[in-house]
Amino acid sequence: MANWTKIDETVKKWIQEAGANIRASFTHSISIQAKSNPNDLVTNVDEETERFFIEQIRTAFPDHRILGEEGQGDDVQSLDGVIWIIDPIDGTMNFVHQQRNFAISIGIYEDGVGQLGYIYDIVHDELYHAKKGQGAWMNDVLLEKLEKVPVETAIIGISATWLVNNRHFDQNRLIGLAKDVRGTRSYGSAALELAYVASGRLSAYITMRNAPWDFAGGKIIVEEAGGIVSTIGGEDLNMLSVNPVFAAAPGLHEDILKKYLNKKGDG
């Protein structure tokens with residue numbers, strides 16, 4: 001049986017060490033490669049950071065499996081057992097161009113149930129973390145439980161990509177939402193935007209395409225803060241494939257689903 005307290009303490013130490021290494025990389029040259037398209041970047045720092053976590057996990061917890069963005073982990077085809085879902089740098093484009101607005105994201109699941117979640121904003125030294133049933137935290141501060149926010153006073157995280165013609169969703173529904181809310185933001189890091197939903201900096205986050213490593217840690221943190229994370233149709237996320245992701249404070253989640261994402265409200 002997993003000792004979640006021990007695992008939690010260990011992960012936090014590893015995250016701090018990895019974060020220090022990434023900050024140190026700012027003064028060194030970075031090797032940049034495009035993955036699936038010119039906007040999908042990977043650097044040597046991404047790969048080195050993932051390798052660091054994998055080596056630590058395999059030494060300390062050899063019976064756990066690893067699903068990592070850079071493909072250096074295991075071939076995970078099921079959610080059985082303990083699985084670490086890791087994004088060594090979520091927001092690589094920001095890391096390359098801005099040296100801010102990126103994060104380490106880790107979600108640890110047991111038989112498909114989220115147990116521990118971490119999002120570390122390295123530049124601002126803000127570690128969002130959560131343990132199942134014990135709430136969500138930012139560093140040593142317990143985050144207040146999220147409360148309902150009216151659509152007209154909401155700030156939502158959404159990329160402009162989804163507000164123009166695209167093959168994933170009718171942009172007119174999202175344009176209507178963007179017009180009705182108080183404001184929209186796009187930070188270029190799914191992990192950070194989910195952390196901001198958990199902390200109340202954003203009221204909601206919507207995207208049409210997130211991989212498991214983009215949302216695995218944030219899902220646990222948002223839910224422990226009292227928020228709801230689902231697909232844009234209101235269904236459970238598939239932790240082993242790409243999903244459209246919708247995270248929001250309670251009440252607001254239902255309102256946006258019914259009035260904008262799924263006007264008939266039939267899920």
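**Notes on the predicted model**

1. E55 is partly exposed, since its relative accessible area is 48%, a value that lies between the 20% below which a residue is called buried and the 50% above which it is called exposed. The residue belongs to helix α2, which covers residues 44–60. Please keep in mind that this is a predicted model. Between E55 and I155 there are 100 residues of sequence separation, and their C-alpha atoms lie 39 Å apart in space.

2. S189 sits in the loop that links β11 (183–185) with α5 (190–199), and with a relative accessibility of 1% it counts as buried, because the cut-off for that class is under 20%. Its side chain forms a polar contact of 2.7 Å with the side chain of D90. When neighbours within four places in sequence are set aside, the residues in contact with S189 are D90, G91, N94, N101, F102 and A103.

3. Strand β14 (residues 243–248) has 5 of its 6 residues buried, and it is therefore largely enclosed by the rest of the structure. Which strands pair with β14? Strand β12 (residues 204–210) is joined to β14 by 5 bridges, in an antiparallel arrangement, and T207 has V245 of β14 as its bridge partner. Strand β13 (residues 228–230) also runs antiparallel to β14, to which 3 bridges join it, and here V229 is partnered by A247 of β14.

Technical notes:
Residues numbered from 1 in each chain as written. Predicted model: local features only at pLDDT ≥ 70, side-chain atom pairs only at ≥ 80, totals over all residues. Heavy atoms only, no water. Buried < 20%, exposed > 50% of the residue type's maximum accessible area, 1.4 Å probe, protein only. Helix = DSSP H or I, 4+ residues; strand = E, 2+ residues; numbered from the N terminus. Pairing = 2+ DSSP bridges. Polar contact = N/O pair within 3.5 Å; in protein donor to acceptor, adjacent residues only side chain to side chain. Contact = heavy atoms within 4.5 Å.
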